[in-house]
Amino acid sequence: MIRYKADILEKLKGKGYTSYRMRKEGLLSEGTLQKVRVGDASISIASLNVICSLLQCQPGDLIEWIPEGAEE
């Protein structure tokens with residue numbers, strides 16, 4: 001299972017990227033923002049690339065893989 005290691009929307013907000021701004025500037029769609037909001041890690045690589053670019057981080061800083069049955 002892939003899950004987020006961090007609150008991505010909070011990190012983006014800390015860099016000045018609100019949900020409104022990201023939608024308005026066409027950075028991320030409302031669907032992608034909703035997936036991030038509810039913890040659904042099935043976003044596209046393109047969306048992950050945008051998030052990493054905005055946060056200047058690596059994908060591994062944001063997501064992690066948890067083996068089946070090892071979830072908390």
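The structure holds no disulfides (zero), a disulfide being a pair of cysteine sulfur atoms within 2.5 Å. Such a link is a covalent bond between the sulfur atoms of two cysteines. The sulfur of C52 has its closest cysteine sulfur in C57, at 4.3 Å, which is too far for a bond. C57 is likewise in no disulfide, and its nearest cysteine sulfur is that of C52. C52 is buried, at 8% relative accessible area. C57 also counts as buried, at 19% relative accessibility. Buried means under 20% relative accessible area, exposed means over 50%, and partly exposed lies in between (1.4 Å probe, protein chains only).

The model is predicted; local features need pLDDT of at least 70, side-chain atom pairs count only at pLDDT 80 or more, and totals for chains, interfaces and linings use all residues. Residues are numbered from 1 along each chain as its sequence is written, and side-chain values use heavy atoms, with hydrogens and water left out. The mean pLDDT of the chain is 94, and 97% of the residues score at least 70. pLDDT is the predictor's confidence in each residue, on a scale from 0 to 100. Among the elements, strand β1 (residues 2-4) has the lowest mean pLDDT, 93. Helix α4 has the highest, 97.

The secondary structure comprises four helices and two strands. Their order from the N terminus is β-α-α-α-α-β. Helices (H or I, at least four residues) and strands (E, at least two) are DSSP runs, numbered from the N terminus. Along the principal axes, the C-alpha atoms fill a box of roughly 40 × 20 × 20 Å.

The largest nonpolar core has 17 residues. A nonpolar core is a set of buried Ala, Val, Leu, Ile, Met, Phe, Trp, Tyr and Cys residues joined through side-chain atoms within 4.5 Å. The residues with the most contacts inside this core are I8, L12, M22, V36, I51 and L62. Helices α1 (8-14), α3 (30-38) and α4 (45-55) are the elements that give two or more residues to the core. The largest share, five residues, comes from α4.

Contact means heavy atoms within 4.5 Å. Among contacts between residues at least 6 apart in sequence, 60% join residues at least 24 apart. Not counting residues up to four places away in sequence, I51 touches I8, L28, V36, I43 and L62. T32 is found in helix α3 and is buried, at 12% relative accessibility. With the same exclusion of residues up to four places away in sequence, T32 touches I43 and S47. N49 is found in helix α4 and is exposed, with a relative accessible area of 54%. N49 and P59 are 10 residues apart in sequence. Their C-alpha atoms are 8.0 Å apart in space.
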